[in-house]
Amino acid sequence: MTTYTLTSATLLPLLALSGTLLMAGSILHRLGQPLQRAFLAVLLGICVWLIGDILSLTASDAQDRWRWGLVQFLGILTIPVAWLALVLRYLRPLPEPLPLSRLLPLLVVPYLALVLLWTNEQHSLIWRFPPGTVPTWGQVERMPLYWLLIVAYPNVLLVWGAWRLLSTWRSGQRSDRAQSLVMLLTVLVPNAVNTAFLLGIPVLPGGVAPAPVFFALCLLPVAWSMRRYGLLRVAPLAHRQVVEQLTDAVFVLDAHNRILDINERALRLAGRPAPELRGAQIGDVFQSWPQMVEGRTAEWRPGREVWELRLSTVRNAWGNTLGQAVVARDVTTRAQEHALAQRLAHEDTLTGLANRRAFETDLVRETARAQRHGLTLAVVMIDLDGLKAVNDRQGHAHGDALLSAFGRALPGAFRPEDRAYRLGGDEFALLLAHSAAEGEPAVHERVASIVRDVQARGFPELGASVGAAYFPHEGVGEALLGLADERMYAQKARRRAG
């Protein structure tokens with residue numbers, strides 16, 4: 001029975017394995033993003049390599065040591081493909097997974113090599129060793145296919161990815177160069193120590209393969225950068241500090257409106273931690289999220305706040321859409337000030353009623369609506385009597401109190417769909433929807449009721465003259481207003497004569 005004995009030589013591989021598993025666990029919740037999936041594939045390959053190496057070093061049986069040595073090649077041969085996919089994802093973070101038409105050809109050679117490795121006893125195409133013996137790595141004679149499939153091909157992939165990163169490093173800005181350098185070190189350092197190991201230079205004690213240990217060590221800053229910054233070229237490190245300090249909320253989305261990155265202001269707005277938000281649909285996080293078009297400002301109202309959204313599309317060198325950057329600015333104060341200005345521009349501050357400007361606007365709109373639907377509309381003009389006498393005898397403050405009392409009582413005497421206005425001085429007006437001449441006595445009675453109520457509140461001098469005109473039978477626009485005014489002054493004249 002095979003036993004496994006840990007030694008001091010296995011301490012470093014065990015630490016490297018623990019660190020690799022922690023890195024893998026830290027990104028499991030973000031596997032909806034292609035970059036993280038490629039990174040996880042690299043980590044899993046390193047885990048297999050380390051596990052095979054540890055078990056091979058600690059096994060008491062020679063046959064088991066050889067078998068665990070073969071297991072290592074599952075990681076050794078798949079790491080270059082996964083790392084190249086990681087590099088391509090980093091350089092071109094397309095929203096969809098790497099197409100199978102590109103991924104499968106890269107995996108054909110590693111899978112073929114694995115099949116030939118595990119069936120080598122039947123054909124000896126990979127290596128040869130004395131028959132009837134349990135081989136050790138120093139005894140095997142490596143065949144040409146070994147150098148082609150297991151040495152040359154993985155290194156071609158590593159060199160290919162390194163060349164792509166080196167090109168980016170040369171042409172990139174400072175932040176991009178820093179990211180590219182970190183990625184380059186993840187392959188250059190392990191390959192350098194592995195070359196030294198193969199040349200017989202002792203790198204780690206106890207015959208431990210140094211490449212997976214150094215791979216795990218070099219991937220630590222990549223894992224940290226991916227967790228902290230996303231390691232996405234649509235949100236480069238150079239702008240990270242600036243973006244974090246913005247008072248605006250910044251969202252970086254992929255082509256399917258999934259959140260890739262988010263700044264501190266946006267986190268406070270969402271009220272959820274960043275790990276929960278990355279990969280989530282923006283519409284699921286904010287139910288009221290509007291549809292947006294590039295070049296146009298969109299208004300967003302989450303609760304009582306008002307936000308202004310601006311969208312920019314992120315494209316690659318070929319014009320393909322990679323994602324979107326959305327900047328959200330809190331314009332609640334500005335919107336409130338605008339609403340107040342609009343209200344003050346159309347409102348009489350003394351009575352709270354709409355003013356003459358609002359009356360003129362509403363008259364045009366309501367007349368057009370009534371004409372379009374074949375409805376009637378009444379325009380009522382009201383002039384208060386006795387205001388001058390109140391101002392002269394008791395002061396303008398008392399006169400303002402009279403106007404305020406009448407104006408605030410006027411809307412309550414009519415239907416919700418009717419509108420009341422103070423045109424200025426002692427002039428008031430009403431727009432009564434669906435009203436015809438037959439209802440005019442009721443209008444006079446309601447105004448008279450308001451007058452009696454205000455008189456009872458300390459303004460016995462108050463009186464009111466009323467005149468009404470009806471659309472469409474009696475005219476439109478200025479003609480309608482003139483007729484209502486004429487009837488109002490006729491009533492005023494009758495009251496004075498009486």
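**Pocket, sheet and cavity**

Colleague: Which helix gives the largest share of the lining of the largest pocket?

Modeller: Quick heads-up: this is a predicted model, where local features need pLDDT of at least 70 and side-chain atom pairs count only at 80 or more, while totals for chains, interfaces and linings use all residues. Residues are numbered from 1 along each chain as its sequence is written, and side-chain values use heavy atoms, leaving out hydrogens and water. H2 (34-58), H3 (62-91), H6 (144-171), H7 (174-198) and H8 (210-229) each supply at least two lining residues, helices being DSSP runs of H or I, at least four residues, and strands runs of E, at least two, numbered from the N terminus. The largest share, nine residues, comes from H3.

Colleague: Which residues lie nearest the centre of that largest pocket?

Modeller: A pocket is an open set of points on a 1 Å grid over the protein atoms alone, with protein on both sides within 12 Å along at least five of seven lines; a cavity is a set where a 1.4 Å probe fits but cannot get out, and lining residues have an atom within 4 Å of a point. Here 35 residues line the largest pocket. Nearest its centre are Ile76, Asn194, Phe197, Leu198 and Ala209.

Colleague: Which strands stand at the edges of the open sheet?

Modeller: Four strands line up in the order E9-E10-E8-E11, with antiparallel pairing; two strands pair if DSSP finds at least two bridges between them. The edge strands have a single partner each, so one side of each is left without a neighbour in the sheet. Those are E9 (419-424) and E11 (463-471).

Colleague: What is the bridge partner of Val380 in E11?

Modeller: Strand E8 covers residues 377-385 and pairs with E11 in the antiparallel sense, over nine bridges. In E11, Val380 has as its bridge partner Ala468.

Colleague: Which helix gives the most to the lining of the second largest cavity?

Modeller: The structure holds two cavities of 30 Å³ or more. With three residues, the helix that gives the most is H14 (residues 356-373).

Note on methods
Grid points are joined across faces, edges and corners, and a volume is the space filled by probe spheres set on the points.
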